[in-house]
Amino acid sequence: MIELLGIYQYNMTPYRNEIQERYVYHLELTRPTPSTWRHWEIHPSISKNPIAFDFYWVKLDSSNLGLAGGWSRLFFI
């Protein structure tokens, strides 16, 4: 099941002069997930070469998640 929880705008100042439109979903997983994974940004805006991003799961039991770009506020509104 996939459910759209909401759409909001976030001002990226002072990192960038842009307003991002962000979509927030709730997903129910149907099988186990890896504990870590890598994603390649193929068309990055700051480089000519692909950029690797390494991801991992964190528990949402703290307001101090250390997420960049205002993402932490999503979980504690």
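Read from the N terminus, the elements of the chain follow the order β-β-β-β. The model is a predicted one, in which local features need pLDDT of at least 70, side-chain atom pairs count only at pLDDT 80 or more, and totals for chains, interfaces and linings use all residues. Residues are numbered from 1 along each chain as its sequence is written, and side-chain values use heavy atoms, with hydrogens and water left out.

A look at confidence comes next. The predictor's confidence in each residue is given as pLDDT, on a scale from 0 to 100. Its mean over the chain is 81, and 75% of the residues reach 70 or more. Confidence is lowest in strand β2 (residues 19-27), with a mean of 88, and highest in β3, with 94. Where pLDDT is low, the predicted coordinates should not be read in detail.

Of the 77 residues in the chain, 12% are buried; buried means under 20% relative accessible area, exposed over 50%, and partly exposed in between (1.4 Å probe, protein chains only). The accessible surface comes to about 7,000 Å², and 56% of this belongs to carbon and sulfur atoms. Such areas come from the Shrake-Rupley method with a 1.4 Å probe, and for residues only the protein chains shown count as cover.

The structure holds three aromatic pairs. One of them is stacked: tryptophan 37 and phenylalanine 55 lie 5.8 Å centre to centre, with 15° between the planes. Rings of Phe, Tyr and Trp (its six-membered ring) pair if their centres lie within 6.5 Å, and planes under 30 degrees apart count as stacked, over 60 as edge-to-face and the rest as tilted. This pair links distant parts of the chain, since tryptophan 37 sits in strand β3 (residues 36-41) and phenylalanine 55 in strand β4 (residues 51-56), 18 residues apart. Tryptophan 37 is partly exposed at 33% relative accessible area, and phenylalanine 55 is partly exposed at 35%. One aromatic cluster is formed by Trp37, Phe53, Phe55 and Trp57.

Threonine 36 also belongs to strand β3, and is exposed at 52% relative accessibility. From C-alpha to C-alpha, threonine 36 and phenylalanine 55 are 5.5 Å apart in space, although 19 residues separate them in sequence. Leaving aside residues up to four places away in sequence, threonine 36 touches Phe55 and Tyr56, where contact means heavy atoms within 4.5 Å.

Definitions and conventions:
Helix = DSSP H or I, 4+ residues; strand = E, 2+ residues; numbered from the N terminus.
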